[in-house]
Amino acid sequence: MLRGLGRHILRRSRVLRFRVKRAVGLTDRPTLVVYPGRVARGRLQILGRVLEDEGVFDAPHSNSTLRNLWLTFKRYETDEIGTARVRYEGPAGSGVLLSDREGYVRLNIETAHLGEDAAPWTPVRFHLETAKGYDFAPVDAEGRARVVSPAARFGVISDIDDTIIHTGAFKMLRHWRIVTANSPEARAAFPGVSEFYRALCDGAAGPETNPVFYVSSSPWNLSDIFERFMAQKNIPAGPMLLRSLSDDALGWLLRRHRSHKDGAIDELMADYPDLKFVLIGDSGQKDATVYASAVERHPGRVLAVHIHDVRPEGDVSTEVERELKRIEAAGVPTTLGRTLEAASAHAEAAGLVAAGTHAAVLAEVAEEVGKPTRFGPFPVIVQP
């Protein structure tokens with residue numbers, strides 16, 4: 001009831017704010033953001049959003065704390081545009097979509113004419129044509145959907161914050177400078193991630209044979225930073241299943257992760273019934289508990305669980321270890337470490353990655369650990 005009341009109040013305040021902005025001529029031109037989608041069970045699914053362009057998405061990198069705080073505020077304080085008309089065109093067909101009151105446009109169409117040669121990605125073009133109350137030139141945006149090759153042996157489901165990107169999400173106030181950084185250049189990848197994830201995705205049909213899906217409690221407001229970060233760090237791209245602040249702002253503020261991640265994992269398991277998965281997460285956001293439940297709900301579908309240990313030195317909690325034992329009791333191997341050393345060793349021994357991957361991950365870790373970042377030496381402890 002409280003969640004519904006909160007959404008109602010938020011919607012009414014947005015309507016009032018738009019009327020005031022329009023009355024004083026402070027509206028910005030509309031823009032269209034398109035997130036990576038996927039093809040599954042004969043359907044192509046892509047999510048997009050129509051927003052006022054407040055200069056956040058293409059803002060240049062800045063070392064100014066005050067500017068980054070302002071840009072972060074604007075990134076979360078989005079002005080959504082409802083009933084906007086968006087046309088799409090691609091190999092699977094064409095048509096028109098209308099944005100909902102939160103600005104989202106959802107493309108979900110059959111892909112009967114989409115062949116296997118479309119893998120690993122099929123393009124879809126979007127055109128923002130009209131938006132009530134705005135006068136602007138049409139906006140074009142390129143989208144793409146992940147097509148899984150029949151040659152895929154397995155898939156990867158990975159968290160983002162503190163799994164591949166150092167965000168300090170488990171200690172938000174302590175690491176506020178990292179959390180509020182508004183550009184991918186200001187963020188650091190954990191050493192070994194690039195080598196390990198590329199090795200997992202390699203296969204008979206090329207470097208993106210095995211798909212990776214990023215399931216995170218982070219909001220869609222950060223998706224462009226994640227996409228650009230992965231491209232810069234040579235980390236394989238994949239569809240992201242993030243959280244909508246419009247639907248669950250209270251849950252995000254209270255740091256509730258399980259319901260969103262449980263649902264996203266179940267959705268992927270259903271979408272790709274012939275794939276087994278490797279699950280990768282961290283110790284800071286209940287990923288071990290989430291993955292233990294997933295192993296029990298989907299017996300035989302999980303090949304391994306790898307948890308990045310980001311607990312502070314001296315933390316004596318044993319919850320993560322208990323959950324990993326629960327996973328192992330179901331017959332699924334696990335690793336827990338400050339680096340991906342154990343994870344890459346297991347994957348190579350299990351034949352999930354090519355020979356030499358473990359050595360390549362160790363080399364990347366050795367090169368990066370201790371290297372200065374904008375916020376001090378990289379916070380990874382190499383365990384003997």
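Two strands are said to pair if DSSP finds at least two bridges between them, and strands themselves are DSSP runs of E with at least two residues, numbered from the N terminus. The model examined here is predicted, so local features need pLDDT of at least 70 and side-chain atom pairs count only at pLDDT 80 or more, while totals for chains, interfaces and linings use all residues. Residues are numbered from 1 along each chain as its sequence is written, and side-chain values use heavy atoms, with hydrogens and water left out.

A parallel neighbour is strand β8 (residues 139-146), linked to β2 by 2 bridges; here Gly-37 has Ala-145 as its bridge partner. Both faces of β2 are covered: Gly-37 and Val-39 on one side, and Arg-38 and Ala-40 on the other, are all buried (under 20% relative accessible area, with a 1.4 Å probe and protein chains only).

Attention now turns to Thr-163, found in the loop between β9 (155-158) and β10 (165-166). Thr-163 is buried, its relative accessible area being 5%. Not counting residues up to four places away in sequence, Thr-163 touches several residues (heavy atoms within 4.5 Å), among them Phe-190, Tyr-197 and His-308. Asp-282 is also one of those touched.

Terms used:
Helix = DSSP H or I, 4+ residues; strand = E, 2+ residues; numbered from the N terminus. Buried < 20%, exposed > 50% of the residue type's maximum accessible area, 1.4 Å probe, protein only.
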